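Work through each task before reading its solution.

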Amino acid sequence: MSKRRVVLAGNPNVGKSTVFNELTGMHQHTGNWIGKTVETSKSRFYYKFNDYEIVDLPGTYTLSSSSREEEIARDFINSSLPDCIVCVIDSSVLERSLLLVFQLMQLSNKLVVVLNLCDEAKKRGIFIDDQKLSALLGVPVVKATARSGKGINNLLEQIHLISTNAIVPKPRIVLEGDNRGYEAAREIAAAVQKPKEDIKLHPLDKILLSKGTSILAMLGLFGLVLYITISFSNYPSALLKGLFDSLETKIAQLLISLGAADWAVNLFVFGMLRVLFFVVSVMLPPMAIFFPLFSLLEDWGLFPRLAFNLDYPFEKCSSCGKQALCCCMGLGCNAVGVTGARIISSPRERAIAIITNSLTPCNGRFPLLIAIISMFFAKNAALSAIILLAFLCFSMLMTMLSSKLLGKTVLKGMPSSFIMELPPYRKPQLFKTILNSLREKVLFVLLRAICVAVPAGLIIWLLANIKVSGISILNYMASALNPIGRIMGLDGVILLAFILGFPANEIVLPIALMTYLSSGALSDYSSLSELGSILLQNGWTVKTALCVCVFSLFHFPCAATLLTIYRETKSTFYTFLSVILPLSVGFSLCCLINVL
Amino acid sequence: MLLSELKENQSAVISFCNCETDFGRRLCDMGFRSGERVVCVKRGLFKSPIIYLVCGSLTALRKADADKIEVVL
């Protein structure tokens, strides 16, 4: 039996991805803001012995405008001729949503409408007569609250009936010529729902969007997340470190008892495993704590408010507030931030957002910043959080200045427009969000650690142990880079670590430490403060630490991000700019700090 | 008067929005079209963007874009 094709369409931020997850049992990332899903995603599910392939389209208001997502959605439906189209709509804004329903009807009669977010509509005093709506439209209508799984079984049944031709919907709205269905939408909406009360601004928005308080409140929220990250990551760190230390000794003993050669034991245990263990014990905990907290803020609905507050400054830098959304995503992962720039409809502003995205530190760079801040600048978690927050604000400032620079030079043009819907706050599903993002992040980092840290450890170990006329290759390389490093207030080893850390930012600090350890007579460390003393013994000063932080904020994007930039822009020039721009920002700032 | 001239919490009915251009069509699809009631809900930090209530949802527009829409009280 062949696969039946189902397509999920709907306005942005009405919960299409949530419906998708409920139907397929997947864990597609969802968020409370317009344009979270920018790529079509595909999955399969089985129902009543039938094999279904389901595609989640990016959200669109209509199918006729010229924006990229709408084009993707329209072309996809036209070319794939699905067996069933599921149009998910927000019950609270029925009238506007009907426009898309009408347009889908013109493409196919195999349509089922899902009245999603019924719980929110109910809270707002909106009640929709689904039977009457179904009769007026001529297609099945299903009430649902996808977040809690309500209505999903009914939806499955309707999909099944439509795609097996057991029922054949007969759409009753026909649009001709320029008629976009505004009148029909108004009439139908008035007929099926009681006149609703006007919604008011949420009391929290009075704080988060008002003059005196908004900036402080946003800083406070981010600061709190950073504080929790910093103060709680020490415990799992210490635990993992202890575990790995004993594991390391045991594995070494085992290998020796099996008759492995000394160099092989050294290579495997002190080269490959140690870097892996370092990444997992020092780098992973802050990421595993930050990311879920950050996802909670995202689900709650903070980011569109941030974009709203920052639109004006970004407009002055010839860009738009949606770039702030890309920066937020960049805090999680720059590659995601770059892909997310698709929500910006002006190609010029989108290119600016893509090129400047790596100026926002992704959370792979957080552990390095946190480690250095706590070693050199601040002894307690609260102060560390404030300093890290200051670094983040500084990177936002540099993002704006660089955008302005790009807007004045290679990407000249007028700022276009900014239309953004402000979604209601949604109570995050605490456990689900935390578990999902934790699993996603931990798996991702572990996988990257294995793919990148292990080979890097191997290379470093080889470079440190293969000697040419008594000096290791690593030392040659570090001393070759030393002059440039010195100009920037760094040294050759740090620069080498950044270069070797190109595949993944998490491994920069481990590589630097490995290099120091392998070339000196230093032994193992047992805590973060001891790590600090390793750095001090290798000539680090507070100035070096500051330069390392700044260079970590502004250097080149990691390999994955760079590939994404090329994939998204299809332009070698933009990809080149994405390397050169942050690199020159970092280089000049470091030189400046060094001279001061 | 222009939509951008509405004060906070003031409501009006849209009398003109040019739905011919791509951008205008987008505005119309979001609910900014003749005959719709609109409320100015909140002005931003720097007077722009401005949040409007239209068609049951809160939508932010830049002042410059709100200048293109005409309303009557």
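**Exercise 1.** Determine what share of the residues in chain B is buried, and characterise the fold of chain B.

*Solution.* Buried residues account for 52% of the 73 residues in chain B, where buried means 20 or more other C-beta atoms, placed from the backbone, within 10 Å of a residue's own. This is a predicted model, in which local features need pLDDT of at least 70 and side-chain atom pairs count only at pLDDT 80 or more, while totals for chains, interfaces and linings use all residues. Residues are numbered from 1 along each chain as its sequence is written, and chains are lettered from A in the order in which they are written.

Next, assign the secondary structure: chain B has two helices and five strands (DSSP runs of H or I with at least four residues, and of E with at least two, numbered from the N terminus). Along the sequence they follow the pattern β-α-β-β-β-α-β. The radius of gyration of chain B is 11 Å, close to the 11 Å that the globule rule gives for 73 residues, so chain B is as compact as a globular protein of that length. The radius is taken over C-alpha atoms, and the rule is 2.2 Å times the number of residues to the power 0.38.

**Exercise 2.** Describe the side of chain A that touches chain B, and state which element gives the most to it.

*Solution.* Count first: 28 residues of chain A are in contact with 28 residues of chain B, contact meaning C-beta atoms, placed from the backbone, within 7 Å. Helix H11(A) gives the most to this side of chain A, with five residues. Then consider the strands: S7(A) pairs with S4(B), residues 57–61, in the antiparallel sense over four bridges; pairing requires at least two DSSP bridges. Within S4(B), B:Ala60 stands opposite A:Met420.

**Exercise 3.** Is A:Ile159 buried or exposed, and which residues does it touch?

*Solution.* Locate the residue: A:Ile159 lies in helix H6 of chain A, residues 152–163. With 26 other C-beta atoms within 10 Å, A:Ile159 is buried. Leaving aside residues up to four places away in sequence, A:Ile159 touches A:Val6, A:Cys84, A:Val86 and A:Val112. A:Val6 is 153 residues from A:Ile159 in sequence, yet their C-alpha atoms are 7.9 Å apart in space.

Key. Contact = placed C-beta atoms within 7 Å. Buried ≥ 20, exposed ≤ 12 C-beta atoms within 10 Å, placed from the backbone.
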